There are 2 protein chains.
Amino acid sequence: MAHGGGGELTRQLVRDRIVPKLANPLLVPLTDGAVVDFAGRRVCMTTDAYVVQPLVFPGGDIGRLAVCGTVNDLAVMGAVPNALSLALVIEEGLPMSTLDLVIDSIAAAAGEANVVIATGDTKVVERRGEDGLTITTAGIGRMRDDVRLAVNRIAPGDVVLITGTIAEHGLAVMSARESLAFETSLRSDVAALNGLIAAMLDSGADVKFLRDPTRGGLAGVLADLVDDTALSLEVIESAIPIKPIALHAAEMLGLDPLTVANEGKCVVVVAAGDADRVLQACRRHPLGASAAAIGRFVRADPPLVELITRAGGRRIVQRPYGEELPRIC
Amino acid sequence: MAHGGGGELTRQLVRDRIVPKLANPLLVPLTDGAVVDFAGRRVCMTTDAYVVQPLVFPGGDIGRLAVCGTVNDLAVMGAVPNALSLALVIEEGLPMSTLDLVIDSIAAAAGEANVVIATGDTKVVERRGEDGLTITTAGIGRMRDDVRLAVNRIAPGDVVLITGTIAEHGLAVMSARESLAFETSLRSDVAALNGLIAAMLDSGADVKFLRDPTRGGLAGVLADLVDDTALSLEVIESAIPIKPIALHAAEMLGLDPLTVANEGKCVVVVAAGDADRVLQACRRHPLGASAAAIGRFVRADPPLVELITRAGGRRIVQRPYGEELPRIC
């Protein structure tokens, strides 16, 4: 199970056992999608399998999650999402009312994100336990020609931003699962980010990196950034937007909110001079009202993510190792 | 479970509960894929979820099946397959050796079909029973501009061809599951058909329809053709290629081979004058050596698939209703 948590063990499984055998230059970067040359057009392609339990949680459901997750993976690659495919594996006994709710939610989310569900597949398998439904979406989008996202362009002094409050998706799903009392006010942030990301990219800022911090949370993305740039990151804990209810829920569940999945947030890297422009573009968008600069890249050996805590101390942030939150997305 | 067999009930579930809510003109035809306009390029997109049990069967495994199935869905739409996405849902406890075998097989099949595995996702979920692995692939390909596949071009007198012997995939999987004695000589036909289909399309024949008869078998495709054209089909049973071992296995298992899944065959419709040209192109290809003309369209009310049996009788062929072969692909 630990191989599925989205942390270090997942990375090892994929990097060591799967990618080398399928070896091709598109797969090696292990980003959220691949760019395929298509008779002169650059097409971005991405896929995700969704296994969240429960299927319906405060603020969303597996259908909304599947559409938004795939739209977001395309958008953070610098693509304009266009069409999605939808594969359903339904377990025998799934109530038709649940299937109806999920399909309605898929239709609504696709409408919000302005993408079309172009094609699909449906399989039904034997019942295994509670309500069972797995959704796999793939998506394609046209790469924007005016965007140059590349970690090798990140330099000391560049600023890391997050577009809003963290940890709500994972905590909402966990609290629904545990039937905890705060479940009514804590809701998943699941949302399609293509509009917000377009606003940032259209601001004229030279955006160098975009990533939605899903499995592995903000900590996972920051650890990836340090690995990929060989620079260190200084992050100010008090600058990271988080709702009091989420902090409280994380304490109750014994989780570090930095490692908890988000489904409607984006991590952004820009040169220091462009940070304000991106923040303003974010804050004008309904999904970016709480956007904040949270840290900056520095030259320091060994490359680490260093968190300057509220108490003024320093702590190293690591990618979660194994299973933190199974079936969170 | 009956909703998953690929027959009439599956068609009802998808047509009545899913498609209307996601309403868009791309989904309505319920074909194997959708054609998306992409800045002047026509991109075909398709997806399939694979839930076959056992994961490894005579002649193939779930990995080969996933790659070939998606390549074939693109090819029968008239597209040149280009890139695939790969989403794995691994159940806890799946032997690493099985995962390795499947990944090797995916790499080999992608090589044979000349497609790239461009992007992927891996989830691990709790153990549920026997070896558990679900693979969902999506694929994109460039539509050929020289091909005009459209059921509304089919006319009385047009000929139906099949590119080889039927029913081997479903029977091989079922016999592996039942540990039947003929399992050693009966093998799945799972193969990538893009090369064979290109040979047919390049022959100069005016091909009007292509479809790989997977779930629901040859009977399912013939029933679809009659529904979609409002013409009847006369099919000669003795002309349908089938290996003696497959006939024998179908009898042992109590199955009608016309309704059993194939994973390396294609149904083709052409004008009578072009049938020989297509057959010759097929027979020159290793995957099309047993190709045969099996029937023709006639005007007759009500529209039906009529099988002229070996004994000289006539029988109506129907789409299988519900669960015939669960977890066959």
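**View 1. An exposed alanine, B:Ala230.** B:Ala230 counts as exposed, with 12 other C-beta atoms within 10 Å. B:Ala230 sits in the loop between α6 (217-229) and β10 (232-236) of chain B. Helices (H or I, at least four residues) and strands (E, at least two) are DSSP runs, numbered from the N terminus. The phi of B:Ala230 is near 60°, a positive value in a residue other than glycine. Most residues other than glycine have a negative phi.

A quick note on what you're looking at: this is a predicted model, where local features need pLDDT of at least 70, side-chain atom pairs count only at pLDDT 80 or more, and totals for chains, interfaces and linings use all residues. Residues are numbered from 1 along each chain as its sequence is written, while chains are lettered from A and ligands numbered from 1 in the order in which they are written.

**View 2. A positive phi at B:Asn114.** B:Asn114 isn't a glycine, yet its phi is positive, about 60°. You'll find B:Asn114 in the loop between α3 (96-113) and β6 (116-125) of chain B. B:Asn114 is partly exposed, with 13 other C-beta atoms within 10 Å.

**View 3. A cis peptide bond in chain A.** The bond from A:Asp301 to A:Pro302 is cis, with omega near -10°. A:Pro302 belongs to the loop between β12 (292-298) and β13 (305-308) of chain A.

**View 4. A cis peptide bond in chain B.** From B:Asp301 to B:Pro302 the peptide bond is cis, with omega near -10°.

Key:
Buried ≥ 20, exposed ≤ 12 C-beta atoms within 10 Å, placed from the backbone.
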